[in-house]
Amino acid sequence: MKLFVGIGGAVATAFLFASVCGIARADSVLDNWRFDTGSDGLVTASLHATNKLITGGGALSYSPILTIACRANGEPRWSEWLQLNDAVSASRTITVSVTVDKGSKVNESWSVGPRGRRLVRDGADGIRRLVSADRLQLSWRFGLLSGRGEADFDLAGFSEVVGQIAGTCNTELP
């Protein structure tokens with residue numbers, strides 16, 4: 001009888017430990033995301049790429065930032081954008097190669113933002129394709145002779161992030 005109680009206690013302790021570690025892991029996954037709510041009703045969550053890009057001068061490196069956004073009172077309701085330190089030479093649109101998980105590469109047209117340092121894609125379909133994804137890879141050309149940029153994102157917790165944004169934005173999930 002004592003042996004059974006001892007084993008039962010050890011199992012209960014192990015189960016409790018695993019539960020606490022699971023909760024801690026979920027919190028640490030969401031800790032990689034930075035949330036913000038602007039005074040204009042824009043709700044965002046941002047994530048740094050797992051890789052680094054070398055700046056034009058070659059002395060510094062940085063991680064591009066992926067931002068998911070929802071506009072509480074406006075259109076387009078959902079957007080995603082990639083923030084860069086080095087500008088792309090395109091002025092209106094740029095082709096971005098998108099790979100979700102281990103799927104095939106898809107070329108999309110993204111808008112070029114202010115000073116060429118933000119690449120933007122509007123619409124819920126872009127967010128929807130990432131809800132069940134684990135990884136996102138983006139690739140683009142900085143310019144005709146400038147080479148390519150690539151950003152790799154670990155999307156752990158993405159569905160929870162989108163759920164939190166939709167709740168704050170008071171809108172439906174994409």
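The tour goes from a helix to a disulfide, then to some strands and the core.

Before you start, note that this is a predicted model, in which local features need pLDDT of at least 70 and side-chain atom pairs count only at pLDDT 80 or more, while totals for chains, interfaces and linings use all residues. Residues are numbered from 1 along each chain as its sequence is written, and side-chain values use heavy atoms, leaving out hydrogens and water.

**Stop 1: the helix α3.** Select residues 158-169. Helices here are DSSP runs of H or I with at least four residues, strands are runs of E with at least two, and both are numbered from the N terminus. Now colour F158, V161, V162, I165, A166 and C169, the buried residues of α3; buried means under 20% relative accessible area, with a 1.4 Å probe and protein chains only. These residues cover an arc of only 130 degrees around the axis, so they sit on the same side of α3. The arc is taken from the directions from the helix axis to the C-beta atoms. An α-helix has 3.6 residues a turn, so residues three or four places apart point the same way. Just past α3, look at N170, which takes a positive phi of about 55 degrees.

Stop 2: C70 lies in strand β5 and C169 in helix α3, so the pair ties together parts 99 residues apart in sequence. The torsion about the S-S bond is about -80 degrees, so this disulfide is left-handed. C70 is buried at 0% relative accessibility, and C169 is buried at 2%.

**Stop 3: strand β2.** From β5, step across to β2, which runs antiparallel to β5 and is joined to it by 7 bridges; strands pair if DSSP finds at least two bridges between them. Pick T44 and you will find its bridge partner A69 in β5. Strand β1 (residues 34-37) also pairs with β2 in the antiparallel sense, over 4 bridges, and T37 stands opposite V43.

**Stop 4: the core.** Finally, select L82, L119, L138, W140, F153 and L155, which touch the most other members of the 36-residue largest nonpolar core. Such a core is a set of buried Ala, Val, Leu, Ile, Met, Phe, Trp, Tyr and Cys residues joined through side-chain atoms within 4.5 Å. Its largest share, 6 residues, comes from α3.

Conventions:
Buried means under 20% relative accessible area, exposed over 50%, partly exposed in between (1.4 Å probe, protein chains only). A disulfide is a pair of cysteine sulfur atoms within 2.5 Å.
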